[in-house]
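Please prepare a short briefing on the predicted model shown below.

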Amino acid sequence: MFVKRFCATASLEIPLFTKGTNGDARATTFRLYGIKPQDASKVLNQALSAATCERRNFKSWHRSLVFSKPFSTALASETTATPRVEGSKLDPSESFLSGTNAVVLEDMYEKWLADPSSVDASWGQFFSNVDRGVAPGEAVPLMSRALETAKGGLSSLDATSQENVLKVASDTVKIMAIIKAYRHRGHLIADLDPLKLDEELGFYKKVIPSGTKRDFEPSSYGFTEADMDRKFVVNGELPGNDIRSLRDIVQMLRRSYCGTIGIEYRHILSKVEKDWIAQRIEKEFTPFSVEQKRIVLRDLADAELFEKFLAIKFPTSKRFGLEGAESLIPGLQALLERGSDLGLENVVIGMPHRGRLNVLANIIGSPVEKILHEFYPHDDPFGETYQGSGDVKYHLGTSNTRKLRNGKSMHFSLVANPSHLEAVDPVVVGKTRSKQYFKGDIERKHTMALLLHGDASFAGQGVVQETLEFSDLRDYTTGGTVHIVVNNQIGFTTDPRHARSSPYPTDVAKTVGMPIFHVNGDDTEAVVRCCLLAMDFRQTFGKDVIVDIFCYRRHGHNEGDQPTFTQPRMYKTIQKHPSVLTIYSERLINEQVLSKQEYQKMVKATNDGLQKAFENSKHWVPKEHDWLSSLWEGFKTEKQLSKIQPTGVEEETLKKIGTAICTIPEGFHLHHQLTRIINERRKCIESGKGIDWSTAEALAIGTLLTEGTSVRLSGQDSERGTFSQRHSVWIDQENEAVHIPLNNLGMTQARFQVCNSSLSEYGVMGFELGYSLESPNILVIWEAQFGDFSNGAQVIIDTFLAAGERKWRRQSGLTLFLPHGMEGQGPEHSSARLERFLQLCDDDPDVIPEMHTDRTRQIQLCNMQVANCSTPANLFHILRRQIHRQFRKPLVLMTPKSLLRHPLCKSDLEEFLPDRLFQRVISEKSNNLVSDKDIRKVIFCSGKVYYDLLDAREKREIKDIAICRIEQLAPFPFDRVSTEIGKYPNAQVGAWFYVKPRMETTIRELEKSGRSVKYVGRPPSAAPATGLPKVHEAEQNKLIAGAME
């Protein structure tokens, strides 16, 4: 593009005064002052030169016109003259090739390319010079000389006319600078804080440049009161009349940008989006009708009276009320009804504690009786059918379909969340994406994520940024999330000046270019307008948007907190401050929208309804689905037996899928090394021998797809695989066309989604967990680049994956692939911290559950499964087992690294057939050992170390040690371990910390013998593995020697 060609050599410090205007408006401007259009460029250069000189007389002008530097830098260099461009012949008066002029020059250049006659001849000469390779510093003089020669320049104008022209041009430059100042920074002086804390206590003075307000005063640009009624042409730049007075321009800008709404949007890259916002915010708002104001008042009353009622009835209970931010409720009501009018049908909501009960009652439409019932001490309502630890009332989720005032229905899903603020964000976005997938919402206009945040957490929690980065990623976008920040202007007890380094908590969102609407929470109508604008933007552009509601907490962090310990002045202000409902109701009464009697009648009706619900809540009986996001019809709870189902597949089907995934499309230029790999896979499938790990994984996924079950695999570099093993996406080496073999199995297959994620663990794992919550009819896999990288997502693992079902009665079948193995690759590329996951498992080491295959519910009763498979066939079966059952459980699977290409880590096709199942324990396979009764030691191991032990046993020609593999570590396979121990009555038994107590229980309860178990392995260490090859080799040799004694 034209501007890009000059960005390296041109620098602009002064905006072109015709910026933003179309060709007709520019011509009109020139004609008004007696200038011929063909003389425009000459006048322009002279005006810029004059403005440069005049600027030195106004210190603040430089700050208003330059935005390429930080505020502090601009302030420090107020008196610096316009610099000469290094490496260019441009002098300051010719520096017009970037910055604010970029839009105009880009537009003119595009027009010239399409039709050279569409621009003035002087500009045509300039663009022609540039296209011939003339440097910018030389192209301008050539253009000027051509103009002088062809048109005679301005010689036809007398001296007085020239002086007037230059004066008007210079003043127009200043007008454009004022407009730009308001658009870019008007929010800094907007009336946003209902408590006026920024003025009284100076909370924000640290991060807002001193003297900012001067940037918005005409006098800072050299204008006087006498100039306020002068007329200027603003056609195409501002809405309304083409010619407006300076007074009118400033008043319009102040109304648009410095009232109770402050907008940040000029950081957005898209000109279309910026123009869309400007057109809507700079036009004067149409006043709300009487009926609309009554509706807003009704919603506001519902919000405030609900909180007051709870405070009276349950004065000692924590409820994290909404007091001080009640305008959120009418804002949300308006946002959702507008969304419904624009096609929105489903909303997935995530939010913190504050205001959750209010949102449940007034937005989602949950029965108030049910909410009030949670305040009473009561037994678990699922005591006989569903055991769960439960959670506090302001963490629970729910789902409900509610009929809106416009007559349309909308389905709400409120996702349960832990106390870890913002942890729910990626979960909500993932669930939204999943809902869009299953509902076929390709345009993403019918299902939306709505996230509510606190100010301190939005600025402080890194998962916010990770989630925001999903907004425009192909495999993670949801077509725009609406973010509502309930800006309490404080953390728990921490002031904003100590909690962040930027003016607003929302500044982190600028990195992905979303608009931010700041609004004073005491102006309820302004909150409603911002929410309407946010919804319109989301549905128009499919992008994230933020509404930042400046408010306060009337009672501190919670109702039992004493905030005056740390914020005495703030809370003295709050104690004297009227409520949002008081402010708005008095305003409407004064406007005669309703009478005081009508308002009192409204209040009484609301309180009467709440009192009735209170009485009914004492006798309310919970239903199984009341707090569930959705009801998975036909799926079993832990109290309902789900019998083991087969996971094997017919050989014909396996070979058909194997052929499909090894077929290279005609004309497709596959990488020569990958061609060799694919040909080897084909041979293995055709022969039925030597199927490796990656092929088994592809067969498991392929068979599920042909059965109608979707599969989603997501992680860092998952398309190829960290170890270049998967190759699920093929890239044409000549044109980079893409081919995904697993999406070419047949017309009726389900879809395979394989996604290279952003470099995030916390956010992406949370996203995939949310994806798995929406439907049981999909296998969702999150893969770590290396297993121990999963600790970056520990909050998701602890609070959602391990405990989610116990707390919130929500099942998830999320599967984690964690590359694991001690192979001398250092502390961070070896162990997947297997012990941490086992520690999170809730199976009792001292109790053996029912293990009979027809009656066992062992996996149903546990919170998650942990496995470390050692064969491709077992991988195939455990993945299919995740789907072929009537319940869902998380699976943490240690996946191999060196075993991906180990010659012994292979399986034959017969191990995948219908008569085979996942083997929780794999018995000793060798036929060259002594008899079972003569075995002196049995080693139980897991994963890759089996092949190390096997190799050592063969090299040492040991015949009296048996090696058994425990493939499923949790829940522990008591029955199968007992069988293996029973085979070798005279053998010693080796084990480790998680397995040891369970082995002892097995021996004590099932074997009735006194044999002991002992551990052979690496010693305790803070680092999970060494990074020194020699130390690793020594540790490995010691382990093998200890096992083979």
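G454 touches P352, E422, V485 and V486, leaving aside residues up to four places away in sequence; contact here means heavy atoms within 4.5 Å. This is a predicted model, in which local features need pLDDT of at least 70 and side-chain atom pairs count only at pLDDT 80 or more, while totals for chains, interfaces and linings use all residues. Residues are numbered from 1 along each chain as its sequence is written, and side-chain values use heavy atoms, with hydrogens and water left out.

**Two individual residues**

- G454 is found in strand β7; strands (E, at least two residues) and helices (H or I, at least four) are DSSP runs, numbered from the N terminus.
- G454 is buried, with a relative accessible area of 15%, where buried means under 20%, exposed over 50% and partly exposed in between (1.4 Å probe, protein chains only).
- The C-alpha atoms of G454 and G491 are separated by 8.1 Å, and these residues are 37 residues apart along the chain.
- I243 has its place in strand β2 (residues 243–245) and is partly exposed, with a relative accessible area of 43%.
- Between the C-alpha atoms of I243 and F232, 11 residues apart along the chain, the separation is 5.4 Å.

- Strands β9 (residues 516–520) and β10 (residues 545–550) run parallel and are joined by 5 bridges, and F517 stands opposite V547 in β10.

- Another open sheet has 7 strands in the order β14-β11-β15-β16-β18-β17-β22, and its pairing is mixed.
- At the edges stand β14 (752–756) and β22 (968–970), each with a single partner strand, so one side of each has no neighbour in the sheet.
- 6 bridges connect strand β11 (residues 710–715) with strand β15 (residues 778–783), and the two run parallel; E783 in β15 is the bridge partner of G715.
- Helix α27 (residues 693–706) lies across β11, β14, β15, β16 (815–819) and β18 (891–895), running at about 140 degrees to β11.

**A pair of helices**

- The axes of helix α12 (residues 271–282) and helix α21 (residues 524–541) come within 12 Å and cross at roughly 150 degrees.
- That makes α12 roughly antiparallel to α21; angles over 145 degrees count as roughly antiparallel, under 35 as roughly parallel, 65 to 115 as roughly perpendicular and the rest as oblique.
- V272, E273, W276, I277 and R280 in α12 meet L533, D536, F537, T540 and F541 in α21.

**The whole chain**

- The protein chain has 37 helices and 24 strands.
- Of its 1045 residues, 58% count as buried.

Terms used: Axes are lines fitted to C-alpha atoms, for helices over the stretch in contact, and angles run from 0 to 180 degrees between N-to-C directions. Two strands pair if DSSP finds at least two bridges between them.
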